[in-house]
Amino acid sequence: MASVLKAQKANAAKSDKKGKRKAEDMDLDGDEEQTLQVRPKKKNKQRVLMLSSRGVTHRMRHLMNDIEVLLPHVKKDAKLDSKSQLHLLPELADLNNCNNTLYFEARRHEDLYLWAAKTPNGPSIKMHVQNVHTMDELKMTGNCLKGSRGIVSFDQAFDETEWGRLTKEVFTHIFGVPAQARKAKPFIDHVLTFSIVDGKIWFRNYQIMEKDPLQPNGPPQTSLVEIGPRFVLTPIRIFEGAFSGATVFSNPEFVSPSAVRSAIKRERGNKYGMRKQAEQDRSGRKELRRLEEDELAVSKVFS
C-alpha cells in the first residue's frame, strides 16, 4: 500500500513539472515587456469652428448649413462683424475649444471666399468659392444618415505639388470626422471627394450604395450616388500663420472676380465708344459730300 501511495505522489510531481509556467515565473526581456504593454490609442481630437461675415446671401447660408450637416464635429458661431479684424478668429476658436476654423467671407453680396485654417498656429488657406449648388437645389437621389462619418478621398494630383500636400493635410483635419465626436453616428455611408482639375479643387459628396435599389434581393453591387452639395475652390494664397503671417504659396493664375467684372464693363464701354466714333465719322462724311448751292438754283432764280 505504501508503494502505491509513493507512485501516485511521483506522478503528481511529474505532471506539475510538465504543466504551463506562470507568467510571473517567466523571465522576459526588455523588448518583450514593451510589446506586452498596451499602447494607448491616439485619439483624433478635431473640432471645427464655422462662422461667416456680414452680407452673406441665401445661397451662401444654405451652403454653410449643408456643410454643417455633413460634419457633426462642427460648432457654428455668430457672424463676424468686421472683415478687417481676422486676428480675432483664433481667439474665438480658442474660446470655443476648437483647433480648426472655416470662415466664409462674403464681399459685395456676390463673391464668396473660404478660409480654412489650423488655429492658433496655422497654416491658413484662402480660397475663392465658385459654382455653388446646395442639396435643396440639386435634388439628387442620394441620401445619407445625419451625423454619420464620411470617407475623405483625395485625388492623386494633391501629392504632386507642395501646396496640394499641405491642402490635403488641412482638409483631412477639417473634413475628417473623429470617431469620438459627440454628435457623430457610428456609421460610414458617404464619401467626400476632392479632385484637382485645371488648378481648381472640385468637391463632391456621394452615397455608398451596397445594393441596387431596382434589385433589392439581388447580389450586392457597390455603387456611388451623388448627394450634394457641390462647389469649386480656387486657391489664392496659403499663409504661414492663422489668418496672417508670411505667404507660403500664391496662385499666379488667379484673377479676382472684381477684375473680371471691370474688364467686362470696359469692353462694353469700348463698344459704346466705337459706336459713337462711327456716328461722328458718318456725320463728317455727310458734310464732305454736301455740294455747294448753284447760282441757277430755283431758290435763287425765283426769290
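A: What follows is a walk through the aromatic rings, and then the core.

This is a predicted model, in which local features need pLDDT of at least 70, side-chain atom pairs count only at pLDDT 80 or more, and totals for chains, interfaces and linings use all residues. Residues are numbered from 1 along each chain as its sequence is written, and side-chain values use heavy atoms, with hydrogens and water left out.

Start with the rule for pairs. Rings of Phe, Tyr and Trp (its six-membered ring) pair if their centres lie within 6.5 Å; planes under 30 degrees apart count as stacked, over 60 as edge-to-face and the rest as tilted. By this rule there are 11 aromatic pairs.

One of them joins Phe 171 and Phe 194. Their ring centres are 5.0 Å apart and their planes stand at 40°, so the pair is tilted. The pair links distant parts of the chain, 23 residues apart. Phe 171 sits in helix H6 (residues 162–175), and Phe 194 in strand E7 (residues 185–197). Helices (H or I, at least four residues) and strands (E, at least two) are DSSP runs, numbered from the N terminus.

Phe 171 counts as buried because its relative accessibility is 1%. Phe 194 is buried too, with a relative accessible area of 1%. Buried means under 20% relative accessible area, exposed over 50%, and partly exposed in between (1.4 Å probe, protein chains only).

Phe 203 and Phe 231 make a stacked pair, 4.6 Å centre to centre with 15° between the planes. Phe 203 lies in strand E8 (residues 200–209) and Phe 231 in strand E10 (residues 230–239), so this pair ties together parts 28 residues apart in sequence. Both Phe 203 and Phe 231 are buried.

These residues belong together. Phe 154, Phe 158, Phe 171, Phe 175, Phe 194, Phe 203 and Phe 231 form one aromatic cluster.

Now the core. A nonpolar core is a set of buried Ala, Val, Leu, Ile, Met, Phe, Trp, Tyr and Cys residues joined through side-chain atoms within 4.5 Å. The largest one has 40 residues, of which Leu 102, Phe 104 and Phe 171 touch the most other members.
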